[in-house]
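Here are my notes on the model, for reading beside the sequence.

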Amino acid sequence: MVSLEFVVGDALLVLESVAKTFGGVQAVKDLSFKVHAGQVTGLIGPNGSGKSTTVNLISGSLPVTQGSIRFNGEMVQGLVISQRVPLGLARTFQTTTLFQEFTAFEHVLNACHSAFRSSPTWAVLRTAAARNEEYVQQQKARELLEFVGLGDFSNAAVASLSSAQQRLLMIATALASDPQLVLLDEPAAGMVAKERKALSQLILNIRDRGIAVLVIEHHMGLIMEVCERIVVLNFGQMIAEGTPDEIRANPLVIDAYLGSTH
């Protein structure tokens, strides 16, 4: 059972009546829910329920058709993904979209530069301030690799890492932008039981760093283990929201996953 020793804060992410239409197909319909600071929230549903579309709308990969998305009190539905990252919103992807020729360290360090404060001119001139910040970001990249369990693979080429290790590297890369909320899109895909157990602990450790987490995942064991709240989608609409125990017993959720005969 998830520890509740941390403090859940105000709503960090708020979706209100969000909809997304592709041609004549409505992928998301009148969707409203919140993600609170200091909380791990799950987003689940059968295949085709609208989970991936919802994540793309939140992150800015797709524009909303209607409705609003507020992040940390600011309306962001009109912002693209590159404008949302500096606000504190980061994500991983279902597929391992990584620079295969980089080392793990270079990959995370490259993402750390999104938080760089020195100007490009200072960096080119190698001023003392720029050199100091570069050192700080290098230390930060090494710490993040240690944090996700890849400290011994700092100098390994990304292409040489296993699928599970590449997913951990995506998480470290997302954390490098100093997010307030990180969206983990099917982080356990392809992982065996031991790797999923380590991932569960990592998600809780991310929360304990003061970062809210929205987990989109098919593996119900992981969702039930790490989430305080769970939002359930079916056919683009929210059919349930509640604690793991409430979701586990909800007849609409059971029907969506197993069919009414069950």
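1. Val18 stands opposite Leu31 in S2. Strand S1 (residues 11–22) and S2 run antiparallel, joined by 8 bridges. Strands here are DSSP E runs of at least two residues, helices are H or I runs of at least four, and both are numbered from the N terminus. Two strands pair if DSSP finds at least two bridges between them.

2. This is a predicted model: local features need pLDDT of at least 70, side-chain atom pairs count only at pLDDT 80 or more, and totals for chains, interfaces and linings use all residues. Residues are numbered from 1 along each chain as its sequence is written, and side-chain values use heavy atoms, with hydrogens and water left out.

3. The open sheet has 4 strands in the order S2-S1-S4-S5, with antiparallel pairing. Strands S2 (25–36) and S5 (74–75) stand at the edges with a single partner strand each, so one side of each has no neighbour in the sheet.

4. Helix H1 (residues 51–59) is largely enclosed by the rest of the structure, because 7 of its 9 residues are buried. Buried means under 20% relative accessible area (1.4 Å probe, protein chains only). Among the buried residues of H1 are Lys51, Val55, Leu57 and Ile58. Just after H1, Gly60 takes a positive phi of about 100 degrees.

5. Helix H7 (residues 193–208) has 16 residues and reaches 23 Å from first C-alpha to last. That is close to the 22 Å expected at 1.5 Å a residue; the expected span is 1.5 Å times one less than the number of residues. Its buried residues include Leu199, Leu202, Ile203, Ile206 and Arg207. Gly210 follows H7, with a positive phi near 90 degrees.

Key: Buried means under 20% relative accessible area, exposed over 50%, partly exposed in between (1.4 Å probe, protein chains only).
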